Amino acid sequence: MSSGRASEGAGCITFWGFSPARDLLSTGSERHEGEVNVLLVGSGDPRHILKTAAGLRDGDRLHVWVIENSMEVVARQLLLLYLALMPQESMGLNKKTEVFLEVFGNSEIRSETEETLRCAASQLSLSVTDTLETAAHPCLNTTLLKFKERDELARIFKSWIQPQSSSSSPAYSAPILMSKAWDYRVRQHLGTRYDSKRGCFDWDLTMKLHEKGCGVINKQQYVRWREQGMAFEMREGVYQIANPSLLSSRVFSHKGDKVAVRGYWGDIASSPYISFGIETDDKSLLKTQNGQHIKTAQDISFANVQAFLQSLCSRRCPTTCQSEAEESSTKTDQTSVTINDLMHLNHVSVTFLPMDSLQKLPKKQKYAHFFNSIYFSASCMQHLSPEMRQIAAPDAVLVVELAKYFLDLNKQQEAGFAENVVSIALEAGFEPWHVVKSDDVHAIFIPQKK
């Protein structure tokens with residue numbers, strides 16, 4: 001039984017991942033140490049970057065390289081990293097965690113958060129247009145993107161500062177109402193079952209997510225998200241401004257012409273709780289009472305993100321600490337923060353690569369046997385080709401996201417997806433590190449021995 005039309009629930013753009021955050025240096029038989037290069041293909045959000053950075057030890061040097069199939073996702077990744085790197089003198093840890101999750105998983109945000117988002121977008125727009133050869137910040141490196149991709153990023157950031165209408169036509173000059181955009185997707189997904197949507201949501205939660213081990217996802221919070229796109233409401237306030245980072249364009253055919261329609265085209269079934277809210281090292285957060293979880297996925301998301309952000313603070317460069325301390329008396333408002341004020345982290349860099357990089361990396365000598373860990377999302381696994389073997393280090397680990405949390409798929413389809421992943425990986429020159437089961441979250445592979 002499925003509560004919606006196949007494939008519509010996941011959407012056509014990945015604003016968050018369909019698997020929990022993973023420390024990619026500790027995946028496989030041995031932990032990677034020293035200087036490590038990690039390639040992320042279609043991860044959708046910075047969850048793996050944050051968790052991997054949080055697990056770094058003294059002497060480790062982490063270089064993350066990111067490829068996405070949409071510049072709108074790149075823009076959102078940059079925004080979330082920007083928020084994560086804001087100095088505590090400008091935004092305290094609790095507030096930063098709340099704002100991060102609000103931007104990450106809410107269709108509508110508070111006016112104060114919108115002000116912070118606009119300030120970040122303004123700074124990011126300047127960084128992608130003004131810095132041609134040297135990155136404005138090591139963790140926000142866009143210098144390798146093509147000029148047209150940077151222009152597209154600048155356009156996206158400016159649209160966040162000055163919200164657009166749903167169409168370029170003068171007949172549609174009204175701003176986008178996120179509530180209508182969200183409801184349109186729910187109606188499209190459920191079809192004739194829209195009038196019994198509460199029952200559909202309850203089915204997906206209890207018979208799918210809870211059965212898959214996500215019992216911490218609270219019914220009230222999940223239904224609220226499914227109905228209105230509100231996953232994280234931790235602060236009192238009015239959430240009524242459309243979250244511009246969750247808006248994108250989708251091309252439709254209309255009377256023989258192609259028309260780009262702006263709206264919400266992301267996931268409306270699995271939820272943003274998957275990325276940070278269903279796993280934790282703190283087992284006290286998973287306690288149950290009378291068969292019910294005491295804490296919710298929202299609580300666990302907050303605890304995990306806060307821990308990741310705290311670890312970033314502990315890795316910031318001493319020179320940054322000193323300059324921040326000197327300026328803390330004058331820079332207390334987050335809207336006055338510039339990209340130069342962001343925390344610089346010891347031995348951590350994040351570089352965004354052009355969208356067509358997968359075909360070109362194997363042809364460049366620099367990337368020969370370069371990556372120690374390679375991650376492919378479920379939506380990008382079809383791009384896993386034999387050429388990937390040329391850019392994988394001899395001790396590399398390949399991690400592929402499986403379809404466990406794609407709710408529109410049945411068990412047979414999940415199993416078929418896992419088998420297909422194994423087949424593609426073998427053809428690309430990688431062998432399973434463990435027996436791949438259809439209910440696994442990730443499949444892990446290592447280079448085949450010649």
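Buried means under 20% relative accessible area, exposed means over 50%, and partly exposed lies in between. Keep these cut-offs at hand as you explore this predicted model.

**Exercise 1. Decide whether D204 and R226 are buried or exposed, then find what joins them.**

Solution. 
- Step 1: D204 has a relative accessible area of 1%, and R226 also stands at 1%.
- Step 2: The cut-off for buried is under 20%, so D204 counts as buried and R226 counts as buried.
- Step 3: Side chains of opposite charge can pair when their charged atoms come close.
- Step 4: In this pair, the closest N and O atoms of D204 and R226 are 2.9 Å apart, and the two residues form a salt bridge.

**Exercise 2. Describe the surroundings of the salt bridge between E233 and R224.**

Solution. 
- Step 1: The N to O distance between the side chains of E233 and R224 is 2.8 Å.
- Step 2: E233 has a relative accessible area of 31%, which makes E233 partly exposed.
- Step 3: R224, at 27%, is partly exposed as well.

**Exercise 3. Work out which network R110 belongs to.**

Solution. 
- Step 1: Start with one partner: R110 pairs with E112 in a salt bridge, with 3.6 Å between the closest N and O atoms.
- Step 2: Check how open each residue is. R110 is buried at 7%, whereas E112 is partly exposed at 32%.
- Step 3: Widen the view, and salt bridges link K95, E102, R110 and E112 in a network.
- Step 4: For the whole model, the count comes to 20 salt bridges.

**Exercise 4. Find out which residues line the largest cavity, and which classes they fall into.**

Solution. 
- Step 1: Rolling a probe the size of a water molecule over the atoms shows where empty space is left.
- Step 2: A search of the whole structure turns up four cavities of 30 Å³ or more, and the largest has a volume of about 70 Å³.
- Step 3: Its lining is made of I49, L50, A53, L81, L85, C139, L312, L345, V348 and V350.
- Step 4: Sort the lining by class, and you get 10 nonpolar residues, no polar ones and no charged ones.
- Step 5: Helix α1 (47-54) and strand β9 (348-352) each supply at least two lining residues. The most come from α1, which gives three.

Definitions and conventions:
Residues numbered from 1 in each chain as written. Predicted model: local features only at pLDDT ≥ 70, side-chain atom pairs only at ≥ 80, totals over all residues. Heavy atoms only, no water. Salt bridge = Lys/Arg side-chain N within 4 Å of Asp/Glu carboxyl O. Buried < 20%, exposed > 50% of the residue type's maximum accessible area, 1.4 Å probe, protein only. 1 Å grid on protein atoms, 1.4 Å probe; cavity = no way out; pocket = protein on both sides within 12 Å on 5 of 7 lines; lining within 4 Å. Points joined across faces, edges and corners; volume = space filled by probe spheres on them. Helix = DSSP H or I, 4+ residues; strand = E, 2+ residues; numbered from the N terminus. Nonpolar A, V, L, I, M, F, W, Y, C, P; charged D, E, K, R; others polar.
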